[in-house]
Every structure is written in C-alpha cells, then in structure tokens.
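Dear colleague,

My findings follow directly after it.

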Amino acid sequence: MNRKSKFLVGAAIIVAAVGTLVWTAVRETSAYFMTVDEWAVDPKAHADAALRLAGRVSQGTVQWNPKTLDLAFVLMPIPKGQGGTHEARRAGEVLPAAAAAARLPVSYNGILPDMFADGRDVIVEGHVVDGVFHAKSLLTTCPSKYEADKQAPAGEAGDNGSPA
Amino acid sequence: MSEIGRLAIVLGFVVALWGIGASVVGALRRDRDLVASGSHAAYAFSALVGIAVAALLTLLLTHDFNVEYVASYSSTTLPTWYTIAALWGGMKGSLLWWTFILAVCNAIVQAQNRAKNRDAMPWVTAVLLSVGAFFLSLLVFVTDPFERLSFTPAEGSDLNPLLQNYWMTIHPPSLYVGFVTTTVPFAFAIAALATGKLGDNWIRTTRRWTIFSWFFLTLGNLFGAAWAYVVLGWGGYWAWDPVENAAFMPWLTSTAFLHSVMIQEKKDMLKVWNMVLVILTFALTIFGTFLTRSGVISSVHSFTQSGMGPFFMGFLLFVLAVSIGLLAWRLPMLKSRNELESVFSREAAFLLNNLVLVGIAFTVFWGTVFPVISEWVRGVKITVGPPFFNRVNAPLALALVLLMGIGPVIAWRRASWQSLKRSFLWPTATGLAVGLASLLLAGGNFYAVVAFSLSAFALTTVWTEFWRGMRVRQAMLGEPAWTALSRLVGKNRRRYGGYVVHVGTAMVFIGIVASSVFKLEKQQGLEPGGTVDIGPYTLRYDGVRTESDPHVDKTLAQVFVTRDGKPVGTLEPEKRFYKRTKQPTTEVAIWSTLGSDLYVVLGSYDPPTKSAVLQVFLNPLMSWMWLGGVVMALGTAICMWPSWSERTATATAGVPAGTRTAS
C-alpha cells in the first residue's frame, strides 16, 4: 500500500467516524417539531416519540403554583396567519376541522420564562403521557405581537410613498 | 437628514456598479485608467456609506421618530449608549452597518495596495464592491432604513430590552467585523483564480487580514456567549441555537484555514484545500446572515424575521457558483509537487486537525439545517437539540485538543522515534498524571477525566516549547531569562503568539467541560429569611427593594451569601419591567471566583406574600472560559503585531506584505 492510499484510508476512517457519530446521535436525540393541530391529526402516530410542539396558551387556563413551581395550562393551535414561522405550513395541506379545535393539557415544573402569559405562543418539548403533555422545557417564542404592533404604522407609510 | 442618507445609499449603489464594471473591463483590456477609476469608485463608495451611517446615527440621536427605524428601535428614555447601539439593533440598521464595515475594509485594502498587486487589485475591487452592492441593493430596493412614517409618533417603541446590555453593544460589532473581514481573503483568492497567479502572494497579502478576521470572530463568539450568560438567565452560555451556530461555523473553517495555510507556505501543499476553506468561510458568513434573517429555521432568538431569505439564498448560490466555477477552471494549475511523507509528521497532524475542524463545522451545519432537510425528505420536521451537538462534538473536541498538543512540536516531514520520545515524554507524563488526579478527585466522568488529561498534555507541550527556546537563548547568547523569553517571542511572533492562543483555547476548553459536567442547580421557593444551600454557599433571601425611573422598573431581591459560614456579600438578582416595550426581563446576579460562579436568578416574586422563587446555579471553573478568551485575544494580538524584521524582509524581497511599508 503506498503512502497516498494510506492517507486516503485514514481520511475515510475519520469521515466514517464522524458520519457514524452524527447518525447515531440523530437517531437518539431528535424530536418531531410540529404545531398542535398537526399533532392532533393523528396523536397515536407519535405516542412514544419526543415532541416539540408549537402552540398558543389558551386564555384562562394557566395554573401556576409559585411554591412548588408547578405549571399547568392548555395548549391550543395558533390561529391562521398569526404564528409566523410557528404555524402548520405544509403547502396546500388542509387539516381536519377537529385538529383546529384540538386542546392539549400541558404540565411543567420550573421557573416561568419572562414572556410567558395567557395567550402567548410557546414551544414545549417533551412527551405525551395519558393525554397530558409533560414538558421538559418551555420556550416563549419571539414577541411576535410586539413586531406586529410595529408593522401597522410602517404599512401606512408605504401607502403614502416614501419621501424622495 | 433622511433624504441625505437615502441619497447616499442610492449613489453608493450606482458608484459600486460603476466600480465593478470599470475594474473588470479595465482588467480584461489592461486599461490603467479604467482600473484607477474602479479604485476611486471604491473610495467614493466608502465615503457614501459612511455618510449614510452618519445620517442614521444623527436621526437616532436627535430622536426623529418620523423615521420608521428610529421609532421602532429607540425611545427618548433609552440611554445614549444604547441609542448608538440601536444602529445595529434592527435589521435595516444592521445591514447598513455591515455595508459600512465592508466599505471601511475596502478603503483600507485600496490604500494598502496602491502600488502593489497590480494584476490582482482590479478583481479584488470588483469582488469587494459586488458584495457591497448586494447589501446596498437590499437597502435601496427592499428595505429602506430611512423610510418615513405618515405621522410622527410622540415616542419610539424602544430597543428590545434583551439587547439593552453592555455585551450587546460590543458583541454584534465584533462579530460583524469578523464576518465582513473574511471578504478580504475571499476577494484576493478570487483575484488569484481570475488572474491565474496562484502562488503564495495572495496568501501573504491577506495573512494579517485572516488573523484579524479570526480575532474578531473569536471575540464575537465569546461576547455572544457572555451576553447569553448574563442576559438569558438559564445558567448557561451556549444553547446550539441556529443563530449561535451561524456565528460558530465560519470560526471553525477560519481556524482550519489559519492552520492549513502554514502547510502551503512551508511545503507548497494543500493549495486547493486552502482555496476551498477561504470560499467556504465567506459563504458561511453569508449563510449565517441568511439563517438569522430568513426565519427558515426557527430560532428562539432571531430578533427579526423578514422576507430577506430568498435574496441571501440567491446571493449565496451566486457566490458558490462563481467560486466553484473559477476553482474548477484553475484546478490543473493548483497541483502540488509535494506529498505527505509520513503519518508521524507535522503535515499529517495539521491535516488531521483540518479534518476534525471541518468535521465539526459539518456536524453543526447538519444539525442546524436538519429540520429543513427532514421536511423535504420525509415531510416531517425533525429537530435535534443541544444533546445532539454535545454528543457529536465532545469526542471531536477531545481529538482537537490532542492534536493541539501534538501539532506544534512534532517534526516536519517525518518524525523519528527519538524525536517523538524527546518531544512527548514530559507532556504525556503530565497528561497521565493529571488524568489520574482528576480520576481520583472528580470521579468517574469519562469525558471530564480525558478532557483534563488532554488539556494538561497540550499545555505542557506549549510550556516545553517556551522553556526550551528560552534555555537555548540563555545558553547561546548569555541573555537573562526575561530578555531571552521576550526576544524569543519577538523574533517569531506568529509561532509563539499561536502558542499563547493554544493556552487560551485549552483554558476555554477546561472551563466549558468543568462548567457543563460539574454544574449544580437548585430551585426553591423562599419566604423572607429562608435559606438555600448550594456547594459551599448558603443563600439567605431577605425580601426585595425596588427602583424606578421613567425607562424601567426594577425589583431587586436581597440575597445574603455566606461561604462555609463566612459572609461574602449581598447579591441582587432582578426582575425588570421595561415601560416602552411593556416587557419583563430577568437580570441575574453572579458571584464569580476562579474556582466557580455562583449564579442567582430571581425566578418569580409574589408581592402580597413577599415570597420569591430563587434559581441558583454553581458553575465550576466558569471564569476560566472568559480568562481563556482574554489569553486567546492576547496571543492573537502578538501574532498580528507588525514586526520589524518581517517588514524589512518583505520590503527587500519586493514582496508585498499585509501592512503598509514606509509611506
């Protein structure tokens, strides 16, 4: 075996090692990322899977115990056109009406994120056990409401044309 | 003022187009006047973008809320410092700021190469102006930073409170400087491909730019980590968020390039590989901007989402197509005469280091775009989180630290058994001793033990290099120790500066490993007077005090800290409420020592009962990471410092260097 092919074999081993690392890690650490309504179409399909669900905190369902840090709330789909990147987005797909009415109780233990509140859009990570989503982590998505507030006046300016 | 700014960016765009055309046509026709005109256009472009930035800054500082950008990202109560930072706080401003840094670099490149690199310069000018024109075209045609509103709000909606932090004032500029300066080596690489002058000249010309760029990429990443650490309040500093990955990937390929370029200089090998790395680094900076601006990949902290995605994607594809096309065309000219001789050689160690660095970059890239790919292929979005990145990169990082110890001392070409034994006896012994010690002290965590052991190995090789060099000077020249050491470094700044960077890297690595493996965490609801223990610390919650000003309301918890019974002081973790944006934020309190960071978060506060929830972290060796960053910066500064011998050498050899020779 000449030197060049020795190095090629060495490089191939490294590439294969990195590939294997990536492959096994993907298998063991990945989670399905979907919206609540997408999930609700067929809850059984993801019965034991790690999930990452985007949805909205349903108004008036938040129960928070500051002593035990236990949080419970109900997650609902984000209404069409309000969720930015966190919406059911598969092109042309129409979800059954039942999916849009889906409500999923969530339980979580820990400190609340600053932006968490009734009606906010959140992403939860965890598993569904007996119809309750046990969240390991709870993220509030970007203050999109705040962005939307700002865009209104900007649109008006566009109508009047920008100054020369 | 907004009219002046608007006019400046429109003119800047036109001037850039002229400059590109004049440079390319001038180069092809060998028309000196046209080439000179292209260079003048580059200066004019810089001046015009400078005027636009000055205009936007003036609008911000005078609180002209009739301008949409000013109304969106500042307010009358925003401190001046953050009002200046608002320049890059929003998307439009950050695009303009990006263009401005590029324009400044372009002007410096023009000045440095007034009388040098005659053949390459028109192409360099054309590439730099093309990138500039792309960014300006976005501002001129898509998203105007000087756009006016139909009415004038009485008050602005203020900068995002998460950005109102001192790290945030220096993190984006550092990262942008790092990102943008990768364009200069890229431009010279493209010029080398275009002219067919593929010798070492382009590499020598851009050597200092490359180190400069790497310096700011390093700082930018570390400042970003520091920002996340003090602002986001989850006890960590790195979450493998797409936005963070976007900044990390060019750093990895840039690091690979800094190393492999030495092989090209010394052995005339890896020419194609180096071209690929330069192109890849630049492409990754554009890709990073695409990631943060497009919303294609959802991130917890992409602060602005916009319709910019397709433009950046298009530009990225254009850059890749042109670069790969040129590279393929010149491939026959890039053949190397030399080959690797032995696996036990510095060339092989450097090559391995490159493979590992690019391997890490690839895994980060893969993990970042995985949701998009899985959606294409399988129709479902599948994400991978921090566990993926940690699992994949931990072994690769260990390999990298091992190579960091081997690379600098192993002999070129072919190391003999004798030289291996002489170079690595002590480092190996130290590594094993430290490994054994940490096995006894830290217990059975495999990664931590190996990581500490390898770090000790790498640090000892650096130490022996300094020690041996110093002793040789002492013996041969009779110099006292300090003189010998400073002259040793002074005569060969790049080499010894590089070693100092390695020391810093090892420190950062030790900090990362210790703080993630041995982290302690507690959450507890407390009445006033209640206590919580963590490690050697006891924290007593003594209620809150409040502060209020027109900009922000603060609730500061009073946490009295003792260590092994001895008082340390009072920490004040806060809850803030920013009045303009009506946004609550959390400010952490950190008690930092060389051994560990005590990191306290006010989780929640209940005014009627005065009870609070504290979240407490103990992050061991956290400060090593920041100190390591300082050491890295110091080492890079030693590398960059212009040395007299280098200047005279290049001047006599008639080879242009990255710095200006006497003018």
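B:Arg580 and B:Glu155 form a salt bridge, their closest N and O atoms lying 3.3 Å apart; the term requires a side-chain nitrogen of Lys or Arg within 4 Å of a carboxyl oxygen of Asp or Glu. The count between domain 1 of chain B and domain 2 of chain B is 1 salt bridge. This is a predicted model, in which local features need pLDDT of at least 70, side-chain atom pairs count only at pLDDT 80 or more, and totals for chains, interfaces and linings use all residues. Residues are numbered from 1 along each chain as its sequence is written, chains are lettered from A and ligands numbered from 1 in the order in which they are written, and side-chain values use heavy atoms, with hydrogens and water left out.

Domain 1 of chain B covers 2-335 and domain 2 covers 520-623, with bounds from an automatic or database domain assignment. Their centres, taken over C-alpha atoms, are 40 Å apart. The contact (heavy atoms within 4.5 Å) takes 20 residues from domain 1 of chain B and 17 residues from domain 2 of chain B.

Between them the two domains of chain B bury about 1400 Å², 56% of it on carbon and sulfur atoms; buried area is the accessible area (1.4 Å probe) that two parts lose on being put together, summed over both. In domain 1 of chain B, the residues that lose the most area to domain 2 are B:Thr77, B:Pro161 and B:Tyr229, together 39% of what that side buries.

Turning to aromatic rings, the structure holds 41 aromatic pairs over all chains; ring centres of Phe, Tyr and Trp (its six-membered ring) must lie within 6.5 Å, with planes under 30 degrees apart counted as stacked, over 60 as edge-to-face and the rest as tilted. The pair B:Phe388 and B:Phe389 is edge-to-face, because the ring centres are 5.1 Å apart and the planes stand at 80 degrees. B:Trp463 and B:Trp467 are stacked, because their centres are 6.0 Å apart and their planes at 15 degrees.

Yours sincerely
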